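Me: Please go through the packing and strand pairing of this model with me, one point at a time.

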Amino acid sequence: FLLQTGMLRSVFVKSLSVRAALTSARSFSTQDATNQVDESLLKLGRLNHVAIAVPSLKDSVNLYQNVLGAKCSESVDLPEHGVTTVFVDLGNTKLELLGLLGDQSPIEKFLQKN
């Protein structure tokens, strides 16, 4: 259902990107001593939030709030970024849902491709 509606396709794409970045970081950290980086630079801290571009902010909020029972903030228009945002509180982190705002939204092409 979720993949069929397209709501989670950006999550899947982002998770692949994160996985590739972590693999690169691990292989980089195991290189010989001349290229080694201070390990404290490679440690991840607490995750603040993850942004997800969604084709329908209304449908996504409905899913998280009414189906999954998550707490969602009010929507906030950010015209300088061309998006409308809603934060979904998951307890230990947040999701930031990004919806299209206007005809020139920078996430429109991303959603069309993905």
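Reply: Two strands count as paired if DSSP finds at least two bridges between them. Helices (H or I, at least four residues) and strands (E, at least two) are DSSP runs, numbered from the N terminus. This is a predicted model, in which local features need pLDDT of at least 70 and side-chain atom pairs count only at pLDDT 80 or more, while totals for chains, interfaces and linings use all residues. Residues are numbered from 1 along each chain as its sequence is written, and side-chain values use heavy atoms, with hydrogens and water left out.

Me: How many bridges pair strand β3 with β4, and which residue in β4 is the bridge partner of D77?
Reply: β3 covers residues 76-78 and pairs with β4 in the antiparallel sense over 3 bridges. Within that pairing, D77 has as its partner in β4 the residue T84.

Me: Which residue in the turn between β3 and β4 has a positive phi?
Reply: The two strands form a hairpin, with 4 residues between them. The positive phi, about 75 degrees, belongs to G82.

Me: Which residue in β4 does K71 stand opposite?
Reply: Strand β2 (residues 71-72) runs antiparallel to β4, with 2 bridges joining them. K71 stands opposite D89.

Me: How many of the residues of β4 are buried?
Reply: Buried means under 20% relative accessible area, exposed over 50%, and partly exposed in between (1.4 Å probe, protein chains only). β4 is largely enclosed by the rest of the structure, because the buried residues number 5 of its 7.

Me: What is the relative accessible area of T85, and how far is T85 from E74 in space?
Reply: T85 is found in strand β4. Contact means heavy atoms within 4.5 Å; leaving aside neighbours within four places in sequence, T85 is in contact with residues including E74, S75 and L97. T85 is buried, with a relative accessible area of 5%. T85 and E74 are 11 residues apart in sequence, and their C-alpha to C-alpha distance is 8.4 Å.

Me: Which side chain of opposite charge is nearest to E96?
Reply: E96 lies in strand β5. A salt bridge needs a side-chain nitrogen of Lys or Arg within 4 Å of a carboxyl oxygen of Asp or Glu; for charge, Lys and Arg count as positive and Asp and Glu as negative, with His and the chain ends not counted. E96 is buried yet has no salt bridge, and 10 Å away is the nearest side chain of opposite charge, K94.

Me: What arc do the buried residues of α3 cover?
Reply: L57, S60, V61, L63 and Y64 are buried in α3. The arc is that of the directions from the helix axis to the C-beta atoms. These residues are on the same side of α3 because they cover an arc of only 155 degrees.
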